[in-house]
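Subject: A structure for you to look at

Hi there,

Here is the structure I promised to pass on to you. Open it in your viewer and keep it beside this email while you read.

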Amino acid sequence: MTEQRNHYIAGTYELPASGEYFASINPANGQEIYQAARGNTDDVARAVQSAQRAFEDPRWRDLSQTRRGHLLRRLGDLIGEHADELARIESLDNGKLLREMRGQMSNLPEYYYYYAGLADKIEGSVIPASNRAILNYTMREPLGVVGAITPWNSPLTLTTSKLAPALTMGNTMVVKPSEHTSASVLRLAELVTEAGFPDGTLNVVTGFGAEAGQALVDHPSIAKISFTGSTLTGSRIASATAGRFIGSTLELGGKSPNIVFDDANVENAAMGVVAGIFAAAGQTCIAGSRVFAHASVYDELLERVAARAKSIKLGDPLDDTTELGPLAFRDQRDKVASYVDLGRSEGATVLTGGTSSDGGLGGFFFEPTVLTDVTNDMRVVREEIFGPVAAVMRFTTEDEVVSLANDTDYGLAAGVWTTNLARAHRMANRLDAGTIWVNTYRAMSPMSPRQGFKSSGVGVEHGAETMKEYSRLKSVWINT
Ligand code: NAD
């Protein structure tokens, strides 16, 4: 039997109330790597109580904002020192390329440094609301215990997007990571303790969404839920939190367009399209899964994308020469395969890929796939597949492609490839998505706010704007 991993509550590991564990599987070879604690309502109650105590603890509550910033900086340093270890933990858990995870983990400290810099610059204002005898001012206060629920595709980065601003504001947190990737967030909790944060500032309850996740959403002492995951789960969470008048930040799914105009550098655009959909085996919310190519460059773009897709080296994510790892778990791989079958039955042509494979390792791989003969109304083009599957379509005018690109339930991101500056500006204005990339794809920074439009989410992550998501505004009137 593999090692058992427990919940992290009040600065220490705690056994699950049920005594039950579940297996975490390495998707590259199908082998069990450890057993994670199966969290339930009792575990969540203990974790929330610990976070509540930490929130009220004067060592945390009364800490100066400058000192809070120091703690965040120290945590960033520790993450940097452990970047290789954290990268390996995530790569084993979710199958993403180790080399890619090393890059992600060495960037992660920047999130903590960015918010550390903001910590002592959160100011209220004096409002000229009355005569000079009365002073009216505003101040921002922390919310209390924030519940964070995260998916499997980038566990630490997505947890950090919530944790860093929440702690900066003086909140405390309970995280329920994805049942497919419990290990890295548990290790992060140890580093939070090592950095000097009081016990209970960050608590982690592992387990399933319908059990531990639901219990966290339903806990009456939670002040807010910050969620990243599917639109379906997000909509359930939105209903539950709205009914209790508590806030939620929801970062949800996408079906992002990547648009290549006739005046684009097609070679660069093809590379952008490939990176847009095949990075992380397509398991990114911002995947450029709908590709629109102008009729005059359609053939050249398709040829370049298909050639690159065919040459992508599938294999062991720990091997630095591998270009595509597995899907994160068997069901996800099977879901991708069934979408490609659905596409075939809807009339799509599988130009390249379209087949499951075990990668010679016993893992859950799926070949990079390009679908043509698709239209914007097919389910493979409308629904998020969350796998390495691009649907490529042709257009002729700018108005036509704007209308096709915006004809989706989602609005997370969009890519535009053009050398015409005026067109770049027009497209940035007309596309209905929270992030627009022109002649690049996937650029991201803790400093740059992002927001999903339509069914892609509610609220902002990253940037100074996020501080509002983790605070409330108080207006004080003092009559002298
Ligand atoms: P998911 O919604 O199935 O699960 C996400 C998390 O929610 C997991 O921890 C899960 O256990 C939990 N959960 C499930 N049911 C729950 C419930 N009833 N109550 C409370 N918690 C529950 O999503 P997933 O499949 O893990 O992740 C993939 C999805 O995440 C994709 O749709 C992707 O686009 C989205 N995503 C969005 C962003 C973004 O920033 N917008 C980033 C990454 C991933």
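Helix α1 passes α8 in a right-handed crossing. This is a predicted model, so please keep that in mind throughout. To find the pair, look for α1 at residues 41–56 and α8 at residues 209–218. Their axes lie 8 Å apart, and the packing angle is about 45 degrees.

Now try a second pair. How do helix α10 and helix α11 cross? Their crossing is right-handed. Helix α10 covers residues 266–278 and helix α11 covers residues 295–311; their axes come within 9 Å and cross at roughly 50 degrees. That angle makes α10 oblique to α11. On the α10 side you can pick out Val266, Glu267, Ala269, Ala270, Val273, Val274 and Phe278, and on the α11 side Val297, Glu300, Leu301, Arg304, Val305, Arg308 and Ala309. This contact of α10 with α11 has 10 nonpolar residues and 4 charged ones, with no polar residues.

Helix α3 spans residues 65–81, and it packs with α5 at an angle of about 175 degrees, with the axes 8 Å apart. Angles over 145 degrees count as roughly antiparallel, and α3 and α5 are therefore roughly antiparallel to each other. Gly69, Leu72, Arg73, Leu75, Gly76, Asp77, Ile79 and Gly80 form the α3 side of the contact, while Ser106, Leu108, Pro109, Tyr112, Tyr113, Tyr115, Ala116 and Gly117 form the α5 side. Here the classes are 9 nonpolar, 5 polar and 2 charged.

Next, zoom out to the whole chain. Into which domains is the protein chain divided? There is domain 1, with residues 4–252 + 456–476, and domain 2, with residues 257–438. The C-alpha centres of domain 1 and domain 2 are 31 Å apart. Where the two touch, 16 residues of domain 1 are in contact with 22 residues of domain 2. On the domain 1 side, α4 (83–94) and α5 (98–118) each supply at least two residues. That side of domain 1 is made up of 6 nonpolar, 8 polar and 2 charged residues.

Finally, have a look at the ligand. Which of the 30 residues around the ligand come nearest? They are Pro151, Gly209, Gly213, Gly229 and Cys285. The elements that give two or more residues to this shell are α8 and α9, the latter at residues 231–243. The largest share, 5 residues, comes from α8, the helix that α1 also crosses. Both domains take part: the shell draws at least three residues from each of domain 1 and domain 2. Sorted by class, the shell around the ligand has 11 nonpolar, 14 polar and 5 charged residues.

Enjoy exploring, and write back with any questions!

Best wishes

Key
Residues numbered from 1 in each chain as written. Predicted model: local features only at pLDDT ≥ 70, side-chain atom pairs only at ≥ 80, totals over all residues. Near = placed C-beta within 6 Å. Helix = DSSP H or I, 4+ residues; strand = E, 2+ residues; numbered from the N terminus. Nonpolar A, V, L, I, M, F, W, Y, C, P; charged D, E, K, R; others polar. Domains from an automatic or database assignment. Axes fitted to C-alpha atoms, helices over the stretch in contact; angles between N-to-C directions. Left-handed = near helix turned anticlockwise from the far one by under 90°. Parallel < 35°, antiparallel > 145°, perpendicular 65-115°, else oblique. Contact = placed C-beta atoms within 7 Å.
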